[in-house]
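Please consult the sequence and structure shown here.

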Amino acid sequence: MYQIKNFMENDDVKVIDSLGAFSVVEYQRDLSVMPETAMEAFYASQMNVRKRQVVCDVSKSNVTVQAGAMQWMVGNVKATTGIKGVGDLFGKAVRGSVTGESAIKPEYTGDGTLVLEPTYQHILLLDLSKWNGSVVLDDGLFLACESSLKHKAVMRSNLSSAAAGNEGLFNLGIQGNGIVCLESPCPKEELVEVTLDKDVLKVDGNFAIAWSGSLEFTVERSGKSLLGSAASGEGLVNVYRGTGKVLLAPVR
């Protein structure tokens with residue numbers, strides 16, 4: 001048995017979101033300041049520049065987290081590599097090398113509490129049941145997920161798109177029914193959600209942070225010809241085609 005005091009019930013801490021095994025806490029102001037930094041800390045809190053942490057209730061689900069993200073844990077919580085054999089290790093190593101993600105993401109099991117490192121990034125909780133069980137993430141956004149979800153490397157629909165768009169050839173895809181926790185450059189309130197039904201979305205830049213795995217993702221010229229692209233001033237754009245959803249961070 002254990003008790004945690006002066007944490008989530010602290011009047012300086014607010015639970016801003018909760019889904020599945022994950023709760024997101026936000027520190028309303030930084031109390032650990034000196035006189036010379038007090039003004040900076042005050043205006044930071046007024047502009048929503050605040051520390052946030054993810055608290056995982058491992059009794060609700062085993063969780064997989066980004067390597068190095070754990071801050072502390074209490075209770076019957078055990079950390080494993082999540083590797084289920086040589087073939088699984090090889091697959092994760094290959095996926096990590098092509099997506100730029102950590103090859104080994106630790107999996108935590110048991111029935112205690114796991115707390116992740118604080119961050120100034122915004123935390124998003126996505127329920128994959130609302131994404132038809134599949135989502136593809138922009139580089140570096142993954143923080144944690146329920147361990148029942150499967151990870152895979154998703155390849156661009158055209159090989160030239162990586163070089164043309166100055167992007168990687170692979171993205172991290174997550175499949176299944178469960179919750180994914182992301183670190184976002186902007187808050188949920190500013191994210192634009194575009195739902196496509198056999199349609200096309202074109203974005204000038206990497207403003208999309210997540211999109212449905214059912215969408216075809218390519219990089220194309222904004223116009224039908226090189227002359228048209230030059231006239232529009234846009235050049236190459238990221239194109240999402242088909243049926244599904246895209247989350248855009250417009251002020252990224």
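A residue is called buried under 20% relative accessible area, exposed over 50% and partly exposed in between, with a 1.4 Å probe and protein chains only. The model is predicted: local features need pLDDT of at least 70, side-chain atom pairs count only at pLDDT 80 or more, and totals for chains, interfaces and linings use all residues. Residues are numbered from 1 along each chain as its sequence is written, and side-chain values use heavy atoms, leaving out hydrogens and water.

**Strand E14**

- Strands (E, at least two residues) and helices (H or I, at least four) are DSSP runs numbered from the N terminus.
- Six of the six residues of strand E14 (residues 179–184) are buried, so E14 is largely enclosed by the rest of the structure.
- Ile179, Cys181 and Glu183 point one way from E14, while Val180, Leu182 and Ser184 point the other way.
- Strands pair if DSSP finds at least two bridges between them; E9 (residues 122–127) runs antiparallel to E14 and is joined to it by six bridges.
- Strand E11 (residues 142–146) is also antiparallel to E14, with three bridges, and Phe142 stands opposite Leu182.

**Aromatic contacts**

- Rings of Phe, Tyr and Trp (its six-membered ring) pair if their centres lie within 6.5 Å; planes under 30 degrees apart count as stacked, over 60 as edge-to-face and the rest as tilted.
- The count by this rule is five aromatic pairs.
- The rings of Phe217 and Tyr240 are stacked, because their centres are 4.6 Å apart and their planes at 5°.
- Tyr240 is buried at 1% relative accessibility, and Phe217 is buried at 8%.
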